[in-house]
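Please keep the sequence and the model side by side as you go.

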Amino acid sequence: MRVLALVTEAFGGRGGIARFCQDLIEVLSRSKEPSEIFVLPRLVPEKVESLPHGVTQARPASSKCVYAFKALWTFLSRRPINLIFCGHIHLLPLACVLGRFAKIPVWAHLYGIEAWEKLSRLDLWGVTQCDLITASSRFTRRRFLSHANISPEKVRVLPCLVREKFQPGPKPSYLMDRYQLHGKKILLTLSRISAQDNYKGHERVLNIMPDICKAVPTAVYVIAGDGSGLPPLQKLAREKRLNGKVIFTGHVSEEEIVDHYRLADVFVMPSTGEGIGIVLLEAAACGIIAVVDKPFDI
């Protein structure tokens, strides 16, 4: 069986959606059914060292029109395609046009906030054309069904995976040295920091850090990750006079992610827009207490 995966990000990408797509495609590649999986990402990934056996990932497209053309070209040149997987609701109309043209099933996945609000007519049409829709949590499924006029039986929950490497362990001394954290009580947020993702709650933590430091003088807030939303956070930290109390690590490599979780005494991400933040699951798997805005219905 051959699968065409239309995704925003996958291998070499950052963030929860990219991680979910990587894990799902890797699991599918190890199953008995798919013989080949062709992945077409929309966004530019980092360098990809290796891909699972049977998986091919194309270069990203420079625009929506180019992406649609590349999807059609891949679809025609790699025939027969037996299944189309769509990793983001805004790519669904394209996936369904191809699926209906070839009379093959279309599977869409809903990760979180992108599926919570009322859909455009085009996206709603795509939803009605799907053969299967999965959601990362019961919360996202419930929010989606509240405005999508489709049968509830058509939408199933497919939770995020947490890789085996995320396990409890001692605080890594090399990171304690790097960030000068010995003797500190460490609050950690690890995520992609995009200007479009300002719902994750970094600002909320920075705004109360002066009060936290009064109550716990050794408290330090470590913000791990980078992106277009980083400069405003750095500016806010300066305005709050948090010199020495906030550490911006920049991008964290895949090899150091687990050790960064193990630095923390508390993981904080008071996000108001997560379907199920995979970083919360990873922090919990590493034995770290997590503070969130509200309980997640996973």
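**Exercise 1: strands around β11**

Strands β8 and β11 run parallel and are joined by 2 bridges. Strands here are DSSP E runs of at least two residues, helices are H or I runs of at least four, and both are numbered from the N terminus; two strands pair if DSSP finds at least two bridges between them. The model is predicted, with local features needing pLDDT of at least 70 and side-chain atom pairs counting only at pLDDT 80 or more, while totals for chains, interfaces and linings use all residues. Residues are numbered from 1 along each chain as its sequence is written, and side-chain values use heavy atoms, with hydrogens and water left out.

Task: find the bridge partner of Leu187 in β11, then follow β11 to β12.

Solution: Start at Leu187, whose bridge partner in β11 is Val266. Next, β11 pairs with β12 (residues 289–292) in the parallel sense over 4 bridges, and there the partner of Val268 is Val291.

**Exercise 2: the open sheet**

Task: state the order of the 7 strands in the open sheet, and name its edge strands.

Solution: The order is β3-β2-β1-β4-β5-β6-β7, with parallel pairing. The edges are β3 (55–57) and β7 (155–157), each of which pairs on one side only.

**Exercise 3: a helix with a kink**

Task: locate the kink in α7 and list the buried residues of this helix.

Solution: Helix α7 covers residues 202–215. A kink of about 50° lies at Met209, shortly before Pro210, the bend being the angle between axes fitted to the seven residues ending there and the seven starting there. The buried residues (under 20% relative accessible area, with a 1.4 Å probe and protein chains only) are His202, Val205, Leu206, Met209 and Cys213. These residues pack against β8, β9, α8, β10 and β11, where contact means heavy atoms within 4.5 Å.

**Exercise 4: the largest nonpolar core**

Solution: A nonpolar core is a set of buried Ala, Val, Leu, Ile, Met, Phe, Trp, Tyr and Cys residues joined through side-chain atoms within 4.5 Å. The largest has 31 residues, and those with the most contacts inside it include Leu6, Ile84 and Phe144. Helix α3 gives the most, with 4 residues.

How values were computed
Buried < 20%, exposed > 50% of the residue type's maximum accessible area, 1.4 Å probe, protein only. Expected span 1.5 Å × (residues − 1).
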